[in-house]
Amino acid sequence: MAGVVHRPRLGVVKFASCDGCQLTLLDLEDQLLDVAERFEIVEFAEATSRRSKGPFDILLVEGSISTPEQAEEIVRLRREATLLVTIGACATAGGIQALRNLADHDAFRRAVYPRPGLIESLPRSTPVSEYVAVDAELYGCPISGAQLLELLTALTVGRRPQLPDEAVCLECKRRGAVCVLVAGAQSCLGPVTRTGCGALCPVFGRGCYGCFGPREAANSESLAAWFAGDGASDKEIRGLFAQFNVNAPAFRRIVEAGRDGEGSVR
Amino acid sequence: MVAGAWFLPRAELDRLVQSLRAGGREVIAPTVGEGAIVLSGVETADELPHGWGVEVAPGRATLVKRAAERVFDQPPGPTSWKRWTFPPRVDQIEWIGANGERLPQPVAAQPKPMAFLGVRACEIAALAVQDRVLAAGPVVDADYVARRKDNLIVAVECAVAGETCFCSTMGTGPEVTGGFDVALSELDDGFLIRVGSTAGSALVDGLGLAPVSDVQQAAARRAMAALRDQLGPPPPTDGLPERLVAAVDSPRWAEIAQRCLACANCTLVCPTCFCTSVGQRSELDGQGATSERRWDSCFTLDFARVAGGNFRTRVEDRYRQWLTHKFGTWWSQFGTSGCVGCGRCITWCPVGIDVRAEIMAVAGLPAPEAVPPVAPVVSVASAASVESVALAPGERVMPWASARVVSKTSETADVVTLRLATDDPGLLAGQPGQFVMAALPALAAPPVSVSRFHPDGLELTVRAAGAATRAICNLERGATVGLRGPVGRGWPVDLAEGRDVLIVTGGIGLAPLRPLIDELLRRRDRSARLHLAYGARTPGDRLYKAELDRLAAGGEIEISQTVDRAGPEWLGRVGVVTQVIDRAFCSCDRTIAFICGPERMMEATVKVLHERGVPDERVFATLERHMDCGVGLCGHCQLGRFFVCKDGPVFSLAELGPAFGREGL
């Protein structure tokens, strides 16, 4: 492309995850050609057979760290990346697979696999940030295409990406959706969940699943107490918080508070 | 028959809707949607909520179908009229022109004419409150004025109150007493119509209605009397605004924070909350860029964030800001309560926090004896206090202008001074201590102090603290930058006459003081001693080094400099700036002090000045806060009753009182 001296080298890699987040990049259909023009995509297994081990100007990392090999590989990749951005609930919080963090990992291994000795996995599924420094995080299961585009745009323009850590409720109200918690008596995690999805579920009349994880100052205890007062059982409340971001501290507190009949989420 | 009132049979309600639509007007009215009564555009009267009611309680709203086919028997729903007068997202500035030559262009609202059908007494009061905030000056919100000015208001007298309603205690209802074009009272067989304006009169004339009968009038009166009974007498609320503001250390704040989710729902459903942030939309090609104003809330963490810090990190601080502003400092700022008693913040709080109970607990007032179906609480407003104010004319909109970089001086490793040229008369009419908002495409527009005024331009001294300030620092000669200002209240130079002047500052804090020093030197014969005490982290972190040396040699001003860490080249003093003051000024009975720097430095300085006996009335500090507009409209920079941007940024300590140096305000 004439006039451009250096296109930033963009890489997309994954660890323990479903690939849904990196597909969000491919789903940016209207902007994909612009992205490919602005960035030199050097590693993106879902999109190209061209491969690279680095270096990267920007590396998007999907997935949680779940095996010993992954724990080594992420350290190597960190050295190759100028900006390392984790994408999605797995990479930022440990993902749905972090449910095992609350249970006996060995028992799972023996129950599921005929020859458990062949399975090498870590007892905990953890976010990338437990192993290496992370420059930015995109949350969600999956991430939002708009936020991914905002990140890439901000990097080209040279500003801080606008990724607010306020509650989903603000976007719900801006969009004029009726609160499903107040009007529908639904157990909605919106008030304690980070915005970014555009209030996707509440706009369609469904309570928030919390897939973007806890926002800053998430007062999960107060919300859980309200659900309990509304008649939800401890099990139901734990189930709400034990989803894609179960390993995020503000959600995990609730899940652990009511386990094994010890204590109550209230 | 009753003079001045007409009767519209129930079956003919659509005639009213159609006459409102005449001339292309959009009619906004209550409708049934998603489990609640929401305001929405309607084309016929069939879309109104015939026979629907809503049961409300703290944290709960339930739509119920009623036997009677009445239309307006609901308390206010989650939507308020501000969605149309003050929309959640509005484009503010577009950048036009090519690279390096791009100018900020305000986006003008082009609203369709609108009729609001079904406006309650509390909501008329809310519109009047926002008129005062956004359209009464000194600077008006042009977008708001454009959307608000030609609204046709069709009010409705409430016939039922929700459990969370408390209009009668806020003095805004239940009766509709003004601020409407036409007012409806719903009777079983139709609507009694009153006229409140010329436009309303024309509308009613066009309908050709029969005058209302004495029986119909009496029925309307009986309904209102019954509603008054339901609302009950207001509880005692003596001195409530003052009590709330004084309760800054109440243990209740921390207790509320245990329950409060800081989710911001209360502020976004509130019909008077007006705080916004400015966000950027830009294209991947770096060319197209628009800045957008969005509803924000004092409950978000980013709301009070500045480069390198945050003034309200704790949820209890955020809740206190909201409550004391809404019921307390709003009075000082706008001459009215910020609350109209509509009850939305109670109904739509996801965990049912009842602001009526919290106010009473914080203010130490007795709670209402028994909780009736409607729990009235606070009476701090009289109806007269929220009468609609005249919308200010458009010329008080603070415009964006531009200036060109003519030279650039590197001051320290991360600070530059830009000399800007402009022929915009507004930009050239600044005072020492004022600041500008400085905008570049696709970036936030931060406040920047003016560090020198020239007849043909001004200087900005900027530290690269974030992306926007870094981009400003990187501007080269010939580039343009968008500016709004100069704004704010600057240094009271005249008060320095005949006094010893002590200027204490640290690091980049010298920048807003430089125009003051310029002015004091210009009128050197009018003050006694001039002393500048300047501290910096290292010798290399000092601004205007050559200029300071020149001034010191000239002898018109004494300059004491000190650094935290010296290098081999530094032969001056090492230590904190307060040590310099100590030696410089021993007798302070005729001293006036001007200070600027990090809050810690200013607090230490003030402590020394207090010990030396300098009265608070003669100590002036310039404060830093998050600002998105610079003209008192975005709400971010509030400190107690002040908007730092328009009431400051320069304040005397006497004005600030205990707010100075107090964390969390």
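I noted the ground rules next. This is a predicted model, where local features need pLDDT of at least 70, side-chain atom pairs count only at pLDDT 80 or more, and totals for chains, interfaces and linings use all residues. Residues are numbered from 1 along each chain as its sequence is written, while chains are lettered from A and ligands numbered from 1 in the order in which they are written.

**Confidence, chain A.** I looked up pLDDT (the predictor's confidence in each residue, from 0 to 100). Chain A averages 92, and 95% of its residues score at least 70. I then went by element; helices (H or I, at least four residues) and strands (E, at least two) are DSSP runs, numbered from the N terminus. In chain A, helix H4 (residues 88-93) has the highest confidence, at 98, and helix H5 (residues 105-112) the lowest, at a mean of 89.

**Domain 1 against domain 3, chain B.** For contacts I used C-beta atoms, placed from the backbone, within 7 Å. By that test 17 residues of domain 1 of chain B meet 13 residues of domain 3 of chain B. On the domain 1 side, strand S13 (276-282), strand S15 (305-306) and helix H11 (315-334) of chain B give two or more residues each. H11(B) gives the most, with 4 residues. I sorted that side by class: Ala, Val, Leu, Ile, Met, Phe, Trp, Tyr, Cys and Pro count as nonpolar, Asp, Glu, Lys and Arg as charged, and the others, Gly among them, as polar. The domain 1 side has 9 nonpolar, 6 polar and 2 charged residues.

**Helix H11(B).** I checked the bend, which is the angle between axes fitted to the seven residues ending at a residue and the seven starting there. H11(B) has a kink of about 60 degrees, centred on B:His325. For burial I counted other C-beta atoms within 10 Å of a residue's own, with C-beta atoms placed from the backbone: 20 or more is buried, 12 or fewer exposed, in between partly exposed. In H11(B), 17 of the 20 residues are buried. B:Gly335 follows the helix and has a positive phi, near 70 degrees.

**Strand S21(B).** Why do I call strand S21 (residues 457-463) of chain B largely enclosed by the rest of the structure? Because 6 of its 7 residues are buried. I took two strands as paired if DSSP finds at least two bridges between them. Strand S18 (residues 415-421) of chain B runs antiparallel to S21(B) over 7 bridges, and B:Leu420 has B:Leu458 as its bridge partner. Strand S20 (residues 447-454) of chain B is also antiparallel to S21(B), joined by 4 bridges. There B:Arg452 is bridged to B:Glu459. S20(B) and S21(B) make a hairpin with 2 residues between them.

**Open sheet, chain B.** I traced 8 strands in the order S3-S2-S8-S9-S10-S11-S1-S12, with mixed pairing. S3 and strand S12 (210-211) of chain B are the edges, each pairing on one side only. Strand S2 (residues 26-33) and strand S8 (residues 114-119) of chain B are parallel over 3 bridges.

**Chain A against chain B.** I counted 45 residues from chain B and 36 residues from chain A in the contact. The chain B side has 23 nonpolar, 14 polar and 8 charged residues.

Definitions and conventions: Contact = placed C-beta atoms within 7 Å.
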